[in-house]
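Here is a guided tour to follow in your viewer. Take the stops in order, and select each group as it comes up.

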Amino acid sequence: MFDAPQTARKKLLRSLAGEAMDVPPVWLMRQAGRYLPEYRATRAQAGDFLSLCYNPELAAEVTLQPIRRYGFDAAILFADILLIPQALGADLWFETGEGPRLSTITGPEGLKPLKGKDDIHEHLAPVYETVRILSRELPQETTLIGFAGAPWTVATYMIAGRGTPDQAPAHALREGDKATFEALIDLLTEATIEYLDMQVQAGAEVVKIFDSWAGSLKGEAFDRYALEPAKRITAELKRRHKDLPVIAFPREAGEKYVGFAKAVGADGLAIDTKIDPVWAAENLQPDGCVQGNLDPKHMVTGGEALVAETRRIVDALKGGPHIFNLGHGITPDADPENVHLLLETIRG
Ligand SMILES: Cc1c2[nH]c(c1CCC(=O)O)Cc1[nH]c(c(CCC(=O)O)c1C)Cc1[nH]c(c(CCC(=O)O)c1C)Cc1[nH]c(c(C)c1CCC(=O)O)C2
């Protein structure tokens, strides 16, 4: 575990512990990415995106690049939510300009080739090594965030074999073959616990659970397949690592955001761009730290609109614990200069 007096000084950990600050800590989703020329150069050196994820020296290098350039308060491990399916035995590749492709799961036979929750570590060992390098090399004020995809979001890719606008194949399996669907969610929940546990053992100080497609689950299905797995993962990680801060991101959950952090046991709740920060201050911040939620389009367009919207978010959330971030990942067409403008606006 980490040493309390030193971590107590890290701004991100103070926010997650519930402290309101004049200047919130800030980092950006996808801060290591294609909008940075140094990222594109290192990815070219690695060969392709997946080779970069499995090369600890180069993955650590791209994680550090935005920290050197901008001095963010947190670094997020460079990896991907789809490494777990690959570690479990699914095929995974990336089609240039299109996105991920995987083998599909359409029924019980789709589960047969998958490995058990404890058989993922050899495949994921390079990721743990990246975390170890980062925990040595990051500046001491920078918090290291580990992460995984939430079971539902990862399952949507494993079932469809690709990203889908409405997650229809996953909903079809959930409704048509509940046993197979629930066995997959269970396997992913348990494998995610082991994966994040290893990241924490290697030096991750916070973990974030990305449920990018949580918004397509409604009513009871949301509680069962978004909330319950996040709760199981959080409870077990906190049992193994007392005081480990957890950030949940049930993207586009809308009104289901209310009470989510408390029910899950998460310390931080990441909000998407559809959430009004004034509403979040009233309805979400009483339960703990809120992270978000500038629209990533401002990182492309910049100017007065970026400044005004950033100020509006900071002002709305300054009465409670807040981590400044975007509402979703920064896009490849973002202008790196706009990140300087953002940081000047927040930090003065
Ligand atoms: C759904 C999802 C994925 N991956 C992730 C999510 C959840 C968050 C979200 O909703 O965006 C999470 C993720 N992906 C990546 C990180 C690294 C850390 C960081 O935020 O800087 C993280 C935390 C790197 C990446 N993951 C990916 C890239 C781009 C790859 C490249 O360099 O070509 C990066 C930097 C590729 C990826 N990975 C994924 C897709 C759909 C794609 C293709 C889309 C795209 O190209 O942006 C799956």
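## Stop 1: the ligand shell

Select the ligand and the 21 residues around it; Arg30, Ala32, Gly99, Phe210 and Ser212 come nearest. You are looking at a predicted model. Colour the shell by class: 10 residues are nonpolar, seven are polar and four are charged. Now show strand 3 (99–102) and strand 4 (143–149). Each of these strands supplies at least two residues of the shell.

## Stop 2

Zoom in on Arg30. It sits in the loop between helix 2 (11–16) and helix 3 (37–46). Leaving out residues up to four places away in sequence, Arg30 touches Gly329 and Ile330.

Move to Ser212. This residue lies in the loop between strand 5 (206–211) and helix 11. Ser212 has 23 other C-beta atoms within 10 Å, so it is buried. Its contacts, not counting residues up to four places away in sequence, are Thr153 and Arg251.

## Stop 3

Residues 25–34 are 0% helix and 0% strand, with end C-alpha atoms 23 Å apart. Residues 145–161 are 59% helix and 29% strand, and their end C-alpha atoms lie 28 Å apart.

## Stop 3: helix 8

Among the buried residues are Trp152, Val154, Tyr157 and Met158.

Click on Ala155, which is in helix 8. It is buried, because 25 other C-beta atoms lie within 10 Å. Setting aside neighbours within four places in sequence, Ala155 contacts Ala170, Leu184, Ile185 and Leu188. Draw a distance from Ala155 to Leu188: the two are 33 residues apart in sequence, and 7.8 Å apart from C-alpha to C-alpha.

Step just past the end of helix 8. There Gly161 takes a positive phi of about 80 degrees.

## Stop 4: helix 10 against helix 11

Two packed helices are described by the angle between their axes and the distance between the axes. Select helix 10 (residues 178–202) and helix 11 (residues 219–240). Their axes come within 10 Å and cross at roughly 30 degrees. The crossing is right-handed. Show the side chains in the contact. Helix 10 brings Ile185, Thr189, Thr192, Ile193, Leu196 and Asp197, while helix 11 brings Tyr225, Pro229, Arg232, Ile233, Glu236, Leu237 and Arg240. By class, the contact has seven nonpolar, two polar and four charged residues.

Focus on Thr192 in helix 10. With 27 other C-beta atoms within 10 Å, Thr192 is buried. Leaving aside neighbours within four places in sequence, Thr192 contacts Ile84, Ala148, Pro151 and Ile233. For a contrasting distance, pick Ser135: it is 57 residues from Thr192 along the chain, and their C-alpha atoms are 21 Å apart.

## Stop 5: backbone details

Most residues other than glycine have a negative phi, and most peptide bonds are trans.

Begin with Asp243, where phi is near 70 degrees. Asp243 lies in the loop between helix 11 and strand 6 (246–250). It is exposed, because 12 other C-beta atoms lie within 10 Å.

Go on to Glu252, where phi is near 60 degrees. Glu252 is in the loop between strand 6 and helix 12 (260–264). Is Glu252 buried or exposed? Glu252 is buried, since 20 other C-beta atoms lie within 10 Å, and the cut-off for buried is 20 or more.

Finish at Gly292 and Asn293. A cis peptide bond joins them, with omega about -10 degrees. Asn293 belongs to strand 8 (residues 289–294).

How values were computed. Residues are numbered from 1 along each chain as its sequence is written. A residue is near a molecule or strand if its C-beta atom, placed from the backbone, lies within 6 Å of it. Helices (H or I, at least four residues) and strands (E, at least two) are DSSP runs, numbered from the N terminus. Ala, Val, Leu, Ile, Met, Phe, Trp, Tyr, Cys and Pro count as nonpolar, Asp, Glu, Lys and Arg as charged, and the others, Gly among them, as polar. Axes are lines fitted to C-alpha atoms, for helices over the stretch in contact, and angles run from 0 to 180 degrees between N-to-C directions. A crossing is left-handed if the near helix is turned anticlockwise from the far one by less than a right angle, and right-handed if clockwise. Two residues are in contact if their C-beta atoms, placed from the backbone, lie within 7 Å.
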